[in-house]
Every structure is written in structure tokens, then in C-alpha cells.
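Me: Can you go through the disulfides in this one with me? I'll ask as I look.
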Amino acid sequence: MPEKAANFAWSNPRVHQWFKILTIVVFLGILILCGSDGLNINTFHTGFPFSEFTILPQVQQPSSQDLNFGNFSAQLQIKNSNHTHLNSSKTHQNPSPNFNPKPLNLSKPQKKENPRFNLSWVSPDLEANYSSNLLTKWLTPGGVPCKDSRTVDIKIQSLDSDSESTIELSAGEVHEFVFQAIDGSGEPHCLGGDYFETDLSGGNWKSRPPIKDFGNGTYVVSLQIHPDFAGNYNFTIILLYRHFEGLKFSPARFVFDKVLRVIPIVFVNSNSNSHLPEVEQCKKFDFTKDVWSGRWTRHARNENCHISNDGRYRCQKPSFPCVHPWCSGPLGLLESNGWVYSTHCSFKLYSSEEAWNSLNNRWIFWWGDSNHCDTIRNILHFVLDVQSIPIVPRIFDMNITNPKNPSQKVRFTSIFNGHSNHTGNYQGLDSLSDPNYRELLRSYFTDNNAVPDTMIMNSGLHDGVHWPNIRQFIKGADFAASFWGDVMKGVRERGFSPPVVIYRTTVATGGYARSMAFNPQKMEVFNGVLLDRMREYRVLDRVVDDFDMTYPWHYDNRCNDGVHYGRAPLKAKWRDGQIGHQYFVDLMLGHVLISAMSPCSDSR
């Protein structure tokens, strides 16, 4: 009787014992096998049996053909079943595309992670091999309808809706939204290179949300504000140029400049257990980051502040203090009516005495365009309190004495690089093609007694007009980086320590200049190319990203004349028709540069 035999076997205690052993062996084998294939128990929530599961898309080069993004590899996000999701039809909270849970070691007791700092700041980086990858993207052929079409609009799956309900996002978290470029027929455009200007503004916050271009017509934009600034915001997207057309020699006829979205968003403090790391004051290491993603925050407001007869806006007392952690020192000296810039770190604002103590007996060599002339003058007038130098010319070399303490001196040397002849314009890096100009520069680094302590360099505005295409600019940037690498090599061979080299990125040109040969798309690309080449030749030590610093203020000419953010204060009609202009953006740059070249930043 087969049935009885079977029943007899299962009723035998010895069989039960061997079955248990076999089951344990199989289970352990599965654990070992899955562990080697990357199974991670951290993927699962401790409240697993009582949780609701939500599948969210992971940002991994989405297909331009799938506007529902259903082809994304999925990340598992678990939320407690009693959690109320605020406006879930309009809220999008993606994990970072680099999310990679650490494996759990079951052989050691597990410590609960401190939930105090379980969020992170958005932090874009300069793409590796930037110049060569840029050329590849720029030269990508068309040949198919979706590549030969032209972008006229976008589709943002998570934000575009006919619903009038308010979009609410949690403050502190990074919210990533994928959007698709579409053509005039509403079909996907499947080629990258479109240049979108982005702005996230509230009453006390202004920032540029970073965008990643996947090269196939899809993009991802990251939104984030600090919980201290929760409230009402407008998120704006402008299509300025299509497919690298801002890089053309004469880009004005290609400018699109269309506002595609103005999306009201309310950021709320919905999770009291989540915290961002505190922004710490910048040290040496912080200036090695090539691309910044900062914000301007406001900590005071004087509605009755009017321009004075000397063109200045003294809206708070000079001693008005910074608010921790967004800056340190006297915020009133910035004359910004409460605005201050911070990024992955915050900056010290220097009193005159502190600045002199930092720069005393140092030699600072500047090589760049006329924005350097403005910044030097503003540092002298507003920070060092030296009023005896009304204008800084394109060629400038002077030992400057502290008027309140004659024992303190600093040497500023500035050489214009817009042209090999300081009266000319629109050569940029190609000024180095002149051998006499190269020898002039070398002469400051071949003195037998001393070489500069710090070199602050910049180029871009004049390059935008000069170079016929991006391939030629890459060659020019490579030659410039090679030249300066050779200069620094000569300094070392003579037994001197080479200067600390700081690259100050080119400004985001503003207002009318957004459509010109030095438009923001071209300047951002030129910044990346020169950084890439300088890194290749091991010339660069530190970076000050003035492009990011100026970007939130570049949509009009209130803080700039198009290409300069530091023109001297003047109570006169400005380019935008108003009397006077704001100059605090360049004053902020001056304080940031002092921090970057301060001896105190030489230790971490």
C-alpha cells in the first residue's frame, strides 16, 4: 500500500530529525548564495509585515520614448501604513540615483544609525573627462525624426497636471523630477544639449536647482530647500537655447528664451526626525570642489532702505551679525539688505581688521578679465577700507598699506587677459599666443627673491566672442593650462613653493547678455572645459564658483550691467531704468576669495 508506506515514513521520528537538518542546510545555503549576489537585508524595513509598499522610479538614463517612465529600474520605498501622504498625486520623492544600501553584517551586533543627520545636500560634480565627452555630445549625429526635431516644450510627469491642488514637498529632502523634451507636435525629442535655466525662489531663498542631461531628450532636476526656510516658492524653468546652440559663434539668432513652467510649490516640515547636516564654515578642502550648488538666504529686510547720495544701500548697521550657520561675521557690511550666499559650506564675512590680518605680507597675482578690476576695487574700498585708489586699471601692480596700521601691507598684481594688448578686447585665452605677453606673465614668477603666494585666474567673457567653436576653445584651454603648468614647474625647479592657484569661474551673464556671445550656456561650458584642462595639467588647487554665485541674479540687470556684477556704486540711471544698482553679489565674492586664500584655510 503506497499510501501507508508514505504515511509511515513521515511518522518516523528519525525522518523528522533528518528533514529538519536538511531544511537548515538548504536555508543557510540560500543565504550564502544570495549574499554573494548582493541581497541586502537593509533593503527591508523593520516594520515589514505592517508596511505599505510603493514602487518609485530610479533615475537611470530613461528612454525618451516612454513618457510614463515605466522602463525605469525600480527602487522599493516603504512607508508606514498609518502615514498620511500629503497630496500624493502631486508629490514626488525619489531616492538618490546613487542610492546603494550598505550590506548588513549579521556576525556583529547592529547599532541603530543616528537619525539626526539622515538627509544630504544636493551636490553635483563636474563630469569626468568633461572636454572629450562634451565634444562627443556636441557632434552626436541626427538622422532620425526624434533627433532632427526641435524642442519647444517639456513634459514633467510628476508636476504636470490639470488639478489645481497645491503641490507640497517635504523640506530638507532632495526631490528629483524627470522631464522630457517634446517638439512642436507633442512628440519626444530624443537628443540632449538643450539649455534650461532653473530658478527656485521664495521670500528668503534663491537658488538654481541643478539639472542633469542624459543626452537623449530626458533631464532630471533636483529641488531642495532647508527646513528653516519652509514656505511658498515658485519653481521656474526657461528654455534659453536648443541643442548646444548657445555655443555657436553668433548665438543671438538662435536664442529661444521661453518660460516653460512657473510652478507654485509649498515646502513643508513634514518629518521632524529627518535632518540635514549643518553647513559648516569653509576650510581648505571645501575649495577643491569644482561645481557648487549654493543658495542665497535672507536674514534681514529693511523695507524703508533707500539709495544714498554715493549710490550705496546701507540697509542695516555695519555690525549687524550673520545668522548661524549661513555665515559668520558682520552681515551688515555686505550691504545686501539681509542676503548672503552659502553652498556646501558657509563663508566668513571679514571686518577690515580681520581681512588685513589675513592678507598681511602676501602677494596676490590676478589674471583675468575686467571683473577682476571691479573685485579688487571692491575689496580695497569695502573690505580693506582703502579709499585712496578710486580705479583699478587693467594692468595694476601695487603694494598697498593699511591706512590704520602702516606695518601691514599686501601686494596686488593684476594682468588683464581679454587681449594681449591691455587696450584691446575679445582674445581671451588666445592672448597667450603672443610671445611677448607670455614673457610678461612669466616675469612675475621668475624673480630670484619671491613669487606670488596666491594666483587667482579667470577667463571666459572675451573667449565667448573670440573662439569660433567649442573644439577650438578646448585647444586654447589646453594650451593655457599647459603654459601655466610649465610656469609652475619652473617655480619648483628654482626651489620656491608655487602659488596656490584659485580658479574663479566666469559669471552668469545677465539680462540682455543672456542672448549674446558670452551667454550663460557658453560660459558654463567654458568654465567646465578650463577646469578640466587645469586639472589635467595639475595646475589647479582651489575653485571659487562665481557662476553659481551670480546665477540666481542673472535674469535681469538689477545686480549687473550684463557682464559685470561689481561696478562701483553710483546714484544714476542704471541699465534697467532704475536709479542705482545692487553691487552686493561682487562684495560677497570678495569675502569668499579672502576665505579661499586665507592662511587659516590651509588646515582642515
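Me: Which cysteine forms a disulfide with cysteine 322, and how far apart are the sulfur atoms?
Reply: Cysteine 327, with the sulfur atoms 2.1 Å apart. This is a predicted model, so that is a computed distance.

Me: What handedness does the disulfide of cysteine 322 and cysteine 327 have?
Reply: Left-handed, because the torsion about its S-S bond is about -110 degrees.

Me: Is cysteine 322 buried or exposed?
Reply: Cysteine 322 is buried, at 15% relative accessibility, where the cut-off is under 20%. Cysteine 327 is buried too, at 4%.

Me: How many disulfides does the count come to?
Reply: Four. With the bonded cysteines numbered in sequence order, the pairing runs 1-2, 3-8, 4-5, 6-7.

Me: What does cysteine 305 pair with?
Reply: Cysteine 315, at 1.9 Å from S to S. Both cysteines are in the loop between β12 (295–298) and β13 (327–328), ten residues apart.

Me: Changing topic: how many helices and strands in the chain?
Reply: Twelve helices and 21 strands.

Me: What share of the residues count as buried?
Reply: 51% of the 604 residues. The chain exposes about 28700 Å², and carbon and sulfur atoms supply 53% of that.

Conventions:
Residues are numbered from 1 along each chain as its sequence is written. This is a predicted model: local features need pLDDT of at least 70, side-chain atom pairs count only at pLDDT 80 or more; totals for chains, interfaces and linings use all residues. Side-chain values use heavy atoms; hydrogens and water are left out. Helices (H or I, at least four residues) and strands (E, at least two) are DSSP runs, numbered from the N terminus. Buried means under 20% relative accessible area, exposed over 50%, partly exposed in between (1.4 Å probe, protein chains only). Accessible areas come from the Shrake-Rupley method with a 1.4 Å probe; for residues, only the protein chains shown count as cover. A disulfide is a pair of cysteine sulfur atoms within 2.5 Å.
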